[in-house]
Amino acid sequence: MGELLLIRHGETTWSASLRHTSYTDLELTPDGERQARTLAAFLAGRRFVTVLTSPRSRALRTAQLAGLTVDTVDEDLSEWNYGEYEGRTTVDIHDDDPHWNIWTDGCPGGESPAQVGERLDRVLARVTPLLDRGTVALVGHAHSLRVLGARWIGLPPSAGGRLRLDTATVSALGHEHGRQVILRWNQPAPPAPGTATDSLP
């Protein structure tokens, strides 16, 4: 069985400032583009049965810079629709509603956890049979990919709240003894040769 690779897009101005970004179609920052290029070396040599991406430009651009050939743009891979909370930070929202938790409450004017779970279940139903032929890559967003990870291991969408996912990271879902498991999670690409981190002890 192949792996199911989950790739979160690179940094945007809103992800850097922790603002909720779903339907707002932001470009990558220069740092986000650098992150995506670093993923290219990390993914080099891997063969994919298919590559799916969210329709948002930040995901499409990440896939391109990471050297992936996109086969399908899938609306179901879009980020959680934040509705009235689009563009706001959790700290800001808590000023109005100190008890708000996206993982249990969803977003007013946007999606509930169950609705996000339903569409990520549809993604899994489409790609899981393909793993018999090899590895599949999904390029998307933090909250939606966290829900997908939770659903893969049979947990409710709310369990995605326990799966932190940073920009430009790769996670791998797979199997162990016939069970669906998380193989690796939130793995950043190694720094490119010659970067400042190489000189650290």
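Residues are numbered from 1 along each chain as its sequence is written, and side-chain values use heavy atoms, with hydrogens and water left out. Because the model is predicted, local features need pLDDT of at least 70 and side-chain atom pairs count only at pLDDT 80 or more, whereas totals for chains, interfaces and linings use all residues.

The account begins with strand β4. Helices and strands are here DSSP runs, numbered from the N terminus, a helix being H or I with at least four residues and a strand being E with at least two. Strand β4 covers residues 135–140 and is mostly covered, since 6 of its 6 residues are buried. The word buried means under 20% relative accessible area, exposed means over 50%, and partly exposed lies in between (1.4 Å probe, protein chains only). In a regular strand the side chains alternate between the two faces of the sheet. In β4, Thr-135, Ala-137 and Val-139 point one way, while Val-136, Leu-138 and Gly-140 point the other way, and all are buried.

The next matter is the pairing of β4. Two strands pair if DSSP finds at least two bridges between them. Strand β1 (residues 4–8) runs parallel to β4 and is joined to β4 by 5 bridges. Strand β2 (residues 48–53) also pairs with β4 in the parallel sense, over 5 bridges. Val-139 in β4 shows both pairings: Ile-7 stands opposite Val-139, and Thr-53 stands opposite Val-139 as well.

Charged side chains provide another kind of link. A salt bridge is a side-chain nitrogen of Lys or Arg within 4 Å of a carboxyl oxygen of Asp or Glu. The whole structure holds 15 salt bridges. One of them joins Asp-31 to Arg-34, with the closest N and O atoms 3.7 Å apart. Both residues lie in helix α2 (residues 30–43), where Asp-31 and Arg-34 are 3 residues apart, about one turn of the helix. Asp-31 is partly exposed, with a relative accessible area of 41%, and Arg-34 is partly exposed at 46%.

A further salt bridge links Arg-151 with Asp-121, the closest N and O atoms being 3.0 Å apart. Arg-151 lies in helix α7 (residues 142–152) and Asp-121 in helix α6 (residues 113–127), so the pair ties together parts that are 30 residues apart in sequence. Arg-151 is partly exposed, with a relative accessible area of 26%, and Asp-121 is partly exposed at 29%. Asp-92 and Arg-88 also form a salt bridge, with the closest N and O atoms 2.7 Å apart; Asp-92 counts as partly exposed at 31% relative accessibility.

Some salt bridges form a network, which links Asp-74, Asp-76, Arg-122 and Arg-126. Asp-76, a member of this network, is placed in the loop between β3 (72–73) and α4. Asp-76 is buried, with a relative accessible area of 11%. Apart from its neighbours within four places in sequence, Asp-76 is in contact (heavy atoms within 4.5 Å) with Arg-119, Leu-120, Arg-122, Val-123 and Arg-126.

Attention now turns to empty space. Rolling a probe the size of a water molecule over the atoms shows where empty space is left. On a 1 Å grid over the protein atoms alone, a pocket is an open set of points where a 1.4 Å probe fits, with protein on both sides within 12 Å along at least five of seven lines; lining residues have an atom within 4 Å of a point. Grid points are joined across faces, edges and corners, and a volume is the space filled by probe spheres set on the points. The largest pocket has about 650 Å³ of space. Its lining consists of 27 residues, of which Arg-8, Leu-18, Ala-142, His-143 and Arg-146 lie nearest its centre. Helices α1 (13–16), α4 (90–96), α5 (102–105) and α7 each supply at least two residues of this lining, and α7 gives the most, with 3 residues.

Finally, two residues other than glycine have a positive phi value: phi is near 50° for His-177 and near 60° for Asn-186. His-177 is placed in the loop between β5 (169–176) and β6 (179–188) and is exposed, with a relative accessible area of 72%. Asn-186 is found in strand β6 and counts as buried at 17% relative accessibility.
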